[in-house]
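Work through the exercises below on the aromatic rings of a predicted model. Each task is followed by a solution in steps.

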Amino acid sequence: MIAKKEITKVNPGINHCCYHCDHCSQIFPPKWLIELLLASQCKQEKVLKTDLLQYNAVSDGKKFIYTDSDEELDYGKTGILDPKEVSFYNLFINGVLQPATLYPVSKGVLALNCSEPPIAGAVIILQFVKVIG
């Protein structure tokens, strides 16, 4: 349980208890999620329910844009969900979490904003989390 007394100031004017990226000013996890969790813990002592879904693809070494048709169906068929329908999402390439500034997501489309595509054979996992409770 995260107690309010554990929240520290990492940057002036920003109260949080997590990593803060000075480059893009994004808080990981998002500040709204921390506030939701803290409010929930004040009301009750139970864990929030979540749905965890993921889109899986493999890089061909050339593409910067991935769609539902690129999904590896051996791992399920989720597709690329609409970001408005999930609480948050994360992109992992070869197991490494990518900064949110490098990948805009829209329903059915993942675009990579980088100078080079992932190497051929790199595993691409787009993880979607829906906070239910």
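**Exercise 1.** State how many aromatic pairs there are, and classify the pair Tyr89 and Tyr103.

Solution. The count comes to 2 aromatic pairs. For Tyr89 and Tyr103, the ring centres are 6.1 Å apart and the planes stand at 70 degrees. Planes over 60 degrees apart count as edge-to-face, so the pair Tyr89 and Tyr103 is edge-to-face.

**Exercise 2.** Find where Tyr89 and Tyr103 lie along the chain.

Solution. Tyr89 belongs to strand S7 (residues 88-93). Tyr103 is in the loop between strand S8 (96-97) and strand S9 (105-106). The pair therefore ties together parts that are 14 residues apart in sequence.

**Exercise 3.** Decide whether Tyr89 and Tyr103 are buried or partly exposed.

Solution. The cut-off for buried is under 20% relative accessible area. Tyr89 has 26% and is partly exposed. Tyr103 has 3% and is buried.

**Exercise 4.** Classify the pair Tyr89 and Phe128, then place Phe128 in the chain.

Solution. The ring centres of Tyr89 and Phe128 are 6.4 Å apart, with the planes at 50 degrees, so the pair is tilted. Phe128 lies in strand S11 (residues 123-131), and the pair links distant parts of the chain, 39 residues apart. With a relative accessible area of 0%, Phe128 is buried.

**Exercise 5.** Name the residues that ring pairs link into a cluster.

Solution. The cluster consists of Tyr89, Tyr103 and Phe128, linked by ring pairs.

Conventions
Residues are numbered from 1 along each chain as its sequence is written. This is a predicted model: local features need pLDDT of at least 70, side-chain atom pairs count only at pLDDT 80 or more; totals for chains, interfaces and linings use all residues. Side-chain values use heavy atoms; hydrogens and water are left out. Rings of Phe, Tyr and Trp (its six-membered ring) pair if their centres lie within 6.5 Å; planes under 30 degrees apart count as stacked, over 60 as edge-to-face and the rest as tilted. Helices (H or I, at least four residues) and strands (E, at least two) are DSSP runs, numbered from the N terminus. Buried means under 20% relative accessible area, exposed over 50%, partly exposed in between (1.4 Å probe, protein chains only).
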